[in-house]
Each structure stands twice: as C-alpha cells, then as structure tokens.
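Thanks for coming. I will take a few minutes to walk through one model, starting from the display.

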Amino acid sequence: MKIIMLGAPGAGKGTQAKMIASKYGIPHISTGDIFRANIKNGTELGNKAKTYMDKGELVPDELVVDLIMDRFKADDCVKGYVLDGFPRTIPQAEALDRALAANGEKVDFAINVDVPDENIVNRMSGRRACVNCGATYHIVFNAPKTADKCDHCGADLILRDDDKPETVLNRLDVYHKQTQPLIDYYDKAGIVRNIDGTQDMDKVFADITAILGD
Ligand code: AP5
Ligand code: MG
C-alpha cells in the first residue's frame, strides 16, 4: 500500500503517519525527518537543507527527489510506504508518478488532513520533538509523562527551530502556494480522501483506517 499524507504544516501528518506505519507494517518516510537527521549529523545535504528550512522555504526539488528515490531502494519499501511531507510540489508529484509508472505501480491513497490556518500556529507553538528519536508531543493535546522528557527514550524534548510563529506563517504561505495544488492533482487521479484534522488524534486515525481498511 502506497499512501501520501497531504495537509498544512502542523495538520498532524507526522502524528497520523506514524500510527499508519505501525498498524499496516509499512515504513513512515518523512522528508522533513530525513533532513533534520542530516542537519543533526552535519552532512552536506543537511547544511544545504538548513538554509531553506530555517526560513520556512522549500528545499529545491532536485535535492528532495534524489533523496526519496534513493530511500525507495531500501528493502523495507517492498510492501509500500506512507510518505509524509513528500511530494510537496507538482514537479515532485510528477517525478514520483514517473518513477512508480516505470515499475507499473501507482499511489493508492492521498490522505488530506484538513486543519484551518487559525488552529495551526497554536499547535506548532505547543509541539515538542525528541532530540534523539524524533517522537512528537504536544504540551496540551499529547503531553509527555514527564515534562520535557521523551516517553520512549528519556532524551530532552525541544521546540523545532522552524516552529517559531513568524516562520510558521511563512510555511503556511508556502503551503498554500506550492503544496495545496497537489490536492487537485491527486483529485484528478481519484485518490484523495479528505479527513477532518481538527478532531482528536484517535478520531482522526479512526477516520483514516475506515478508508484504508483492516
Ligand atoms: P516537515 O517536517 O514535513 O514539516 P511540515 O510539513 O511543515 O509539517 P510538520 O511536521 O510541521 O507538521 P505535521 O503535519 O507533521 O504535524 P504533527 O503531526 O507534528 O518539513 C519541514 C521543512 O523541511 C519544510 O518547511 C521544508 O523546508 C523541508 N521539506 C520537507 N519535505 C520537503 C519536500 N518534499 N520538498 C521541499 N522541502 C521539504 O502535529 C503538529 C502538532 O500538533 C504536534 O504537537 C502534535 O502532537 C499536535 N497534533 C497532531 N494531531 C493533533 C490533533 N488531532 N489534535 C490536536 N493536536 C494534534
Ligand atoms: Mg511532520
């Protein structure tokens, strides 16, 4: 099963993608997480990506497409995957379609997690991420058991650099201009499923599994 998560920054794509990956036994592939891991490790890719991410801009398509095509070669992708944060532009979506079509494959579902802009800034300022394993929390909606410590590995939780309100506003702007058109793109292929992302996390997940099946 090949699934794409669509939705604004902070809509809950990562939260739901992790739950989908665990239920269906497929990898969760987040381009944002891959870039953040590269930044942490000081790689050349990380240094390049950071200059864009810190401003809330998109990393250039060719960097992202090469990275994701490489990731698809891993053994864990044979049963499919849930893509979170990719594709994010029409050229990225076209590159993905071309690569899949070359093997007689296609995307099965584009899950659009719909949350209005008014809710987003609030969600982002409350998000905390583990510096070690990348687990995500929210100080109100999904609080860790011990303040500022990861439930899974005990490492510190931090506010992401790009979650400051001024950067979030630019990310939203970039989303509306460059990523939202993908909803139409996948609608034409008949694979978009719209989900109300303002509901609590478990209800959002129940709506998604009702679509994906058991
Ligand atoms: P990326 O890491 O993909 O960030 P994003 O799309 O902006 O999305 P977020 O991770 O911020 O939000 P999310 O939807 O995953 O929400 P989450 O589940 O955490 O990308 C970062 C940057 O990398 C980009 O700006 C760009 O520069 C670059 N990049 C990445 N991919 C790229 C690509 N393909 N092309 C070019 N550049 C690329 O939830 C948010 C918060 O809300 C959490 O605290 C969570 O606990 C809480 N929450 C979740 N669900 C609910 C709920 N139902 N109710 C209440 N709270 C909830
Ligand atoms: Mg995310």
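Predicted model: local features only at pLDDT ≥ 70, side-chain atom pairs only at ≥ 80, totals over all residues.

Residues are numbered from 1 along each chain as its sequence is written, chains are lettered from A and ligands numbered from 1 in the order in which they are written, and side-chain values use heavy atoms, with hydrogens and water left out.

Helices and strands here are DSSP runs, of at least four residues for helices (H or I) and at least two for strands (E), numbered from the N terminus. Take helix H4, residues 61–71, and helix H5, residues 90–101: they pack at an angle of about 30°, with their axes 10 Å apart. Axes are lines fitted to C-alpha atoms, for helices over the stretch in contact, and angles run from 0 to 180 degrees between N-to-C directions. H4 is therefore roughly parallel to H5; that label covers angles under 35 degrees, with over 145 roughly antiparallel, 65 to 115 roughly perpendicular and the rest oblique.

Which residues meet? From H4 they are Asp61, Val64, Val65 and Met69, and from H5 Pro91, Gln92, Ala95, Leu96 and Ala99, where contact means heavy atoms within 4.5 Å.

H4 also packs against helix H2, residues 31–40, at an angle of about 100°, with the axes 11 Å apart. So H2 is roughly perpendicular to H4. On the H2 side the contact uses Thr31, Ile34 and Phe35, and on the H4 side Val64, Leu67 and Ile68.

Now the ligand. Around ligand 1 there are 35 residues, of which Thr15, Glu57, Arg88, Arg127 and Arg171 come nearest; to be counted, a residue needs a heavy atom within 4 Å. The side chain of Thr31 has an N or O atom 2.7 Å from a nitrogen atom of ligand 1, and for the side chain of Gln92 the distance to a ligand nitrogen is 2.9 Å. Gln199 uses a backbone N or O atom instead, 2.8 Å from a nitrogen of ligand 1.

Last, the backbone. Most residues other than glycine have a negative phi, and most peptide bonds are trans. The bond from Phe86 to Pro87 is cis, with omega near -5°, and Pro87 sits in the loop between strand E3 (81–84) and H5. Asp148 is not a glycine, yet has a positive phi of about 60°.

Definitions and conventions
Polar contact = N/O pair within 3.5 Å; in protein donor to acceptor, adjacent residues only side chain to side chain.
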